[in-house]
Amino acid sequence: MTWQQRIDSALAWRRASDSFRTRQANQQGSGRYLIQNDTRYLNFSSNDYLGISHHAEVVNAWQQGAEIYGIGSGGSGHVTGYHEAHQRFEQQLADWLGYPRALLFISGFAANQALIAALTEKSDRIVADKLSHASLLEAAMHSPAQLRRFAHNDIASLQTLLASQTDGQQLVITEGIFSMDGDAAPLAEIAQATREAQGLLMVDDAHGIGVIGEEGRGSCYQQHVKPDLLVVTFGKAFGASGAAVLCSESMADYLLQSARHLIYSTAMPPAQACALSAALNVIRSEDSRRTQLHANIAHFRAGSAQLPLQLMASQTAIQPLIVGGNQPALNLAATLRERGFWLTAIRPPTVPAGTARLRVTLTASHTREDIDKLLEALYDATR
Ligand SMILES: *Cc1c(COP(=O)(O)O)cnc(C)c1O
């Protein structure tokens, strides 16, 4: 097969299975409204859970940071790219979450790849929740270690895998809140099982950080768990992008020696670290944003009990409505779009076959009326 034949056949397969992905540029897309081709939609697909992407103080902090530092960092953090703005923000994160150290990464994807690659050796075993994010499973598959997946949120399944014979170390991986189902992991039990097996625990709390618990400290804090590696990302509740890993002094020093995504990649712009610091201040102090989000979640769930679509057990901003087939899910998304609502149909392989869904994400920027309008449109489209 030539290169061209390989590419053509992959594309043909995607088209034939209704899983061909396309994208279109928005005029606006991160906040309450999405604007595309001069048409305005109520946006129920944004991860900007607390509405911080347009917060005046945060925008201002980014601008001021650019005035001071310029727009870029100028290099890898190991050369000249690491600035006081990064250091201040790392210290703020460590204090907030109760860890000795925090290390910034350019994205959650990069952080997960870097950590798993830096830690694992051939004789090791990675034991990950079956529904872990692509950035985790992909890194685990590419690592020299053996990857075993435990049944979603199933402690017995985790314990069975951990108990089987291994020569090396075991790394247990899960998420605080799962990105496609919106449900929470039983972190205390997972932490205990990991401890008993003398494993290392890594939790990716991309969807919990900022949103859950006192001052938005996330899933781990709320469940009184302190994983060896806590990954938090800034593309969701922080309204920006980037990530950090929270860990011990020695782990941070180890990662600075071995995490290739830190060593061979340009550091985050320092102005972005300034904006993220401002976003963290908002997250810690503006409790009203979390209150609004949680009221919106409760209102949506109460209203959607009337719909002939399966609602999942999620108490979080991620509220998937299971449709089933790919085409029906796409059709429903298209019908809603005609009525002015932007929702994304999520299809296999991102989710298991036969569970194509509308992934509704709620934010603190939505009003009660926005949600009522969406419920009404969903009701009309499905009856
Ligand atoms: C979004 C997400 C990531 C990726 O983070 P980015 O900063 O967007 O690269 C990683 N893990 C989970 C669970 C996520 O939801």
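The model is predicted: local features need pLDDT of at least 70, side-chain atom pairs count only at pLDDT 80 or more, and totals for chains, interfaces and linings use all residues. Residues are numbered from 1 along each chain as its sequence is written, and side-chain values use heavy atoms, with hydrogens and water left out.

Thr350 is located in the loop between strand 13 (344–346) and strand 14 (356–361). The table gives the accessibility of both residues, where buried means under 20% relative accessible area, exposed over 50% and partly exposed in between (1.4 Å probe, protein chains only).

| Residue | Class | Relative accessible area |
|---|---|---|
| Arg21 | exposed | 52% |
| Thr350 | partly exposed | 39% |

Contact means heavy atoms within 4.5 Å. Leaving aside neighbours within four places in sequence, Arg21 is in contact with Arg14, Pro349 and Thr350. With residues up to four places away in sequence not counted, Thr350 touches Arg21 and Met180. The side chains of Arg21 and Thr350 are also joined by a polar contact of 2.9 Å; this term denotes a pair of N or O atoms within 3.5 Å, and within protein one must be able to donate a hydrogen and the other to accept it, while residues adjacent in sequence count only if both atoms are side-chain atoms.

An unreviewed UniProt entry lists Arg21, His133 and Thr350 under "binding site"; UniProt annotations may be inferred rather than shown by experiment, their feature names are shortened, and positions are given in the numbering used here.

Technical notes. Helices (H or I, at least four residues) and strands (E, at least two) are DSSP runs, numbered from the N terminus.
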